[in-house]
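Please look at the sequence and the model first.

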Amino acid sequence: MKFVSIIIMGSKSDYEVMKECANTLEKFGVLHELVISSAHRSPERTHDYVKGAEERGSRVFICAAGMAAHLAGAVAALTTKPVIGVPMKGGAMDGMDAMLSTVQMPSGMPVATVALGKAGAVNAAYLAMQMLSLDDKDLMVKLQEDRILKSKKVESDSADIEVRL
Ligand code: RP5
């Protein structure tokens, strides 16, 4: 069974944002798992989950963490599957710390880091699906249709308020 693993750091406080990621995968009918696990608070649970998920068929890992955000990097150390990192807002630096922690990986250990907050959560789902679509024609067609809908929405939104001379 192919699926996407979403790991949320050891706090339910990330869920409000990350459910947007899960909802986006669901909208496209992409199977996923969603768990809370922490690089710092539950390192063994994180290790065991990643190893188990790989064996069960997870193709991509999406990791969300705030503050000293090491989760995505810790997961990247455990797997050669693609890892997408979603930095969470909050804390004294409102996410700048999490963004730098997630993006600044040493060479050879990539984490594909997306934007802070809700846009990042949604884009993590899209990026994971774009990876899966490389060998899933149906998913690729759905993503192409989604782009067309987005483009049409720009036109209809503009038509509602547009002023031209
Ligand atoms: C990280 O610190 C979590 O990923 C969360 O974004 C942040 C705050 O966690 P809590 O203090 O709300 O548990 O561990």
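## Fold and dimensions

Read from the N terminus, the elements of the chain follow the order β-α-β-α-β-α-β-α-β-α-α, where helices (H or I, at least four residues) and strands (E, at least two) are DSSP runs numbered from the N terminus. The radius of gyration, taken over C-alpha atoms, is 17 Å, close to the 15 Å of the globule rule for 165 residues, so the chain is as compact as a globular protein of that length; the rule is 2.2 Å times the number of residues to the power 0.38.

The model is predicted, so local features need pLDDT of at least 70 and side-chain atom pairs count only at pLDDT 80 or more, whereas totals for chains, interfaces and linings use all residues. Residues are numbered from 1 along each chain as its sequence is written, and side-chain values use heavy atoms, with hydrogens and water left out.

## Burial and contacts

Of the 165 residues, 40% are buried, a term that means under 20% relative accessible area with a 1.4 Å probe, protein chains only. Among contacts (heavy atoms within 4.5 Å) with a separation of 6 or more, 68% come from residues 24 or more positions apart.

## The loop position Ser-38

Ser-38 sits in the loop between strand E2 (32-36) and helix H2 (43-56), and its relative accessible area is 0%, so Ser-38 is buried. Leaving aside neighbours within four places in sequence, Ser-38 is in contact with Met-9, Gly-10, Pro-43, Thr-46 and Leu-71. A polar atom of the Ser-38 side chain lies 3.0 Å from the backbone nitrogen of His-40.

Definitions and conventions: Buried < 20%, exposed > 50% of the residue type's maximum accessible area, 1.4 Å probe, protein only. Polar contact = N/O pair within 3.5 Å; in protein donor to acceptor, adjacent residues only side chain to side chain.
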